[in-house]
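Please keep the sequence and the model in view while reading.

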Amino acid sequence: MFAGQIPLTEKILRTILVYALVAVLFRLTGKRGLASMNTFDFIVLFLLSNVLQNAIIGNDTSLTGGAIGAVTLVAVNAGLNRLITISPAAARVFEGQPTTVVSDGHVITVALRRLGIRPSELDHAIRLQNGDDITEIGRGTLEPAGQLVLTLKPGEQNATKDDVAELASRLHRIEDLLSPPR
């Protein structure tokens with residue numbers, strides 16, 4: 001149960017290499033992260049974990065071997081997350097940059113196709129932003145983590161209570177200036 005069949009360094013190296021392989025695969029296949037996983041993405045993720053299990057632990061089915069693999073995965077992931085946090089260059093390499101998919105009310109069709117975004121997903125994101133139509137969007141980007149972020153054009157944005165109060169204050173000042181002196 002505790003006797004490992006593979007040397008410790010080999011187990012750690014196998015785990016790091018499999019982690020790197022999966023990270024590269026996900027990076028090459030696009031920016032869509034867990035935030036926008038569909039059923040088929042989940043199936044791939046689920047099966048991928050099973051397919052790569054033996055690449056990480058090999059023939060070692062001991063509790064110790066599994067624990068070493070698990071600790072290595074968590075440590076590599078934590079280290080990479082810290083590196084991305086402190087290094088903008090590492091963040092660009094590992095996470096990528098936002099991709100513009102809508103500019104001034106016009107869809108950038110090439111970007112949508114390349115990223116695998118369906119028109120229905122874009123329409124849904126517009127509705128979540130309280131928009132009615134693509135023409136109301138000033139800029140839309142797909143963030144590296146998979147979120148579709150849309151910004152309404154200034155004329156399409158709702159006024160806040162502070163906006164209304166400021167406008168009322170300006171109107172009162174204008175009225176005071178225009179009214180005849182008493």
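The paragraphs below take up the fold, then the surface and charges, then the salt bridges.

The model is a predicted one. Its chain contains seven helices and four strands. The chain is more spread out than a compact globule, because its radius of gyration is 26 Å, well over the 16 Å that the globule rule gives for 182 residues. The C-alpha trace, taken along its principal axes, spans about 100 × 35 × 30 Å.

How much of the chain is buried? Of the 182 residues, 24% are buried. Contacts can also be sorted by how far apart the partners are in sequence. Among contacts between residues at least 6 apart in sequence, 64% join residues at least 24 apart.

The accessible surface of the chain amounts to about 12800 Å², and carbon and sulfur atoms account for 63% of that surface. As for charge, there are 17 positive and 17 negative side chains. The centres of these two sets are 7 Å apart.

How many salt bridges does a search of the whole structure find? The search finds three.

One of these salt bridges joins the side chains of Arg-14 and Glu-10, with an N to O distance of 3.1 Å. Both residues belong to helix 1, which covers residues 8-28, and they are four residues apart, about one turn of the helix. Arg-14 is partly exposed, at 25% relative accessible area, and Glu-10 is partly exposed too, at 33%.

Another salt bridge is formed by Glu-166 and Arg-170, whose closest N and O atoms are 2.9 Å apart. This pair sits in helix 7, where four residues, or about one helical turn, separate Glu-166 from Arg-170. Glu-166 counts as partly exposed at 37% relative accessibility, and Arg-170 counts as partly exposed at 46%.

The remaining pair to describe is Asp-104 and Lys-153, which form a salt bridge with their closest N and O atoms 3.7 Å apart. Lys-153 is partly exposed, with a relative accessibility of 24%.

Key
Residues are numbered from 1 along each chain as its sequence is written. This is a predicted model: local features need pLDDT of at least 70, side-chain atom pairs count only at pLDDT 80 or more; totals for chains, interfaces and linings use all residues. Side-chain values use heavy atoms; hydrogens and water are left out. Helices (H or I, at least four residues) and strands (E, at least two) are DSSP runs, numbered from the N terminus. The radius of gyration is taken over C-alpha atoms; the globule rule is 2.2 Å times the number of residues to the power 0.38. Buried means under 20% relative accessible area, exposed over 50%, partly exposed in between (1.4 Å probe, protein chains only). Contact means heavy atoms within 4.5 Å. Accessible areas come from the Shrake-Rupley method with a 1.4 Å probe; for residues, only the protein chains shown count as cover. Lys and Arg count as positive and Asp and Glu as negative; His and the chain ends are not counted. The place of a charge is taken as NZ of Lys, CZ of Arg, CG of Asp or CD of Glu. A salt bridge is a side-chain nitrogen of Lys or Arg within 4 Å of a carboxyl oxygen of Asp or Glu.
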